[in-house]
Amino acid sequence: MATGRTHRPATRSRGIPEATVARLPLYLRALTALSERSVPTVSSEELAAAAGVNSAKLRKDFSYLGSYGTRGVGYDVEYLVYQISRELGLTQDWPVVIVGIGNLGAALANYGGFASRGFRVAALIDADPAMAGKPVAGIGVQHTDELEHIIESNGVSIGVIATPAGAAQQVCDRLVAAGVTSILNFAPTVLTVPDGVDVRKVDLSIELQILAFHEQRKAGEEAGPDGSAAATAARAAAAVAGDRKGPDGDMPAVMPA
């Protein structure tokens, strides 16, 4: 199989929007589940629901791939799996290195979904000398002194950073200097990279903070503007028991917050 250093996905050259590219893995996941159940065809509405998007957006996205389905039949599941996998570059082998084998790095190394999706963990790297040679997910951890040699010998173009924040930029710089052009960053910091290097950031704490924001808003809406659930209930009762006509005769005298 070809390595990730010699073949790159064709999405950019074909002018597929980044928003569409971001949705292709969602479609692929839904299609793979259908394929595993031996479902031969799927409608745009069914696939959109499974992927969590609306059907009009799905059809627009697929038009960039040159796939329009068949009226009354839908889309061929196996062909779409192949087509999307090809666009994402998943029909070839992508060797990946994971740098930082703490709890998170070890969990990533043990994740079984990489191989089935076109990614091969080529090496695990850590700065702690005590970790050298220790097997994680059946792979011996190597010291960061070997980073450049590992990248060159394995033809690695994708690196995963799972180090503490303070070490992430230095690791990033070394990865880029060694030839890595795509980085998945789990460290809680923003990385600076040169043009031509793609970075995707995954920050679980930020996602939790966003959820906390929405939970707070929901709680505030239930409690009312003054923070009191009792006040909200009192306003609702007034709207029911009081004068329900406003000056124009059809507007509630007490409007909901």
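## The annotated binding site

In an unreviewed entry, UniProt lists G100, I101, G102, N103, L104 and G105 under "binding site", although such annotations may be inferred rather than shown by experiment. G100, I101, G102, N103, L104 and G105 are also part of the lining of the second largest pocket; a pocket here is an open set of points on a 1 Å grid where a 1.4 Å probe fits, with protein on both sides within 12 Å along at least five of seven lines, and lining residues have an atom within 4 Å of a point. The model is a predicted one, in which local features need pLDDT of at least 70 and side-chain atom pairs count only at pLDDT 80 or more, while totals for chains, interfaces and linings use all residues. Residues are numbered from 1 along each chain, and side-chain values use heavy atoms, with hydrogens and water left out.

Leaving aside residues up to four places away in sequence, G105 touches I98, G100 and A162, where contact means heavy atoms within 4.5 Å.

## The sheet and its helices

Seven strands form an open sheet of mixed pairing, in the order β5-β6-β4-β3-β7-β8-β9; strands are DSSP runs (E) of at least two residues and helices are runs (H or I) of at least four, and two strands pair if DSSP finds at least two bridges between them. Because β5 (135–136) and β9 (198–201) stand at the edges with a single partner strand each, one side of each is left without a neighbour in the sheet. β5 is joined to strand β6 (residues 139–143) by two bridges, and these strands run antiparallel.

Helix α7 (residues 147–154) packs on the sheet and touches β3 (94–99), β4 (119–126) and β6, its direction making about 165 degrees with that of β4. Angles run from 0 to 180 degrees between N-to-C directions, using lines fitted to C-alpha atoms, for helices over the stretch in contact.

## Aromatic pairs

The count comes to three aromatic pairs, where rings of Phe, Tyr and Trp (its six-membered ring) pair if their centres lie within 6.5 Å, and planes under 30 degrees apart count as stacked, over 60 as edge-to-face and the rest as tilted. F62 and Y75 form an edge-to-face pair, with 5.1 Å centre to centre and 85 degrees between the planes. F62 lies in helix α3 (residues 55–65) and Y75 in strand β2 (residues 75–76), so the pair ties together parts that are 13 residues apart in sequence.
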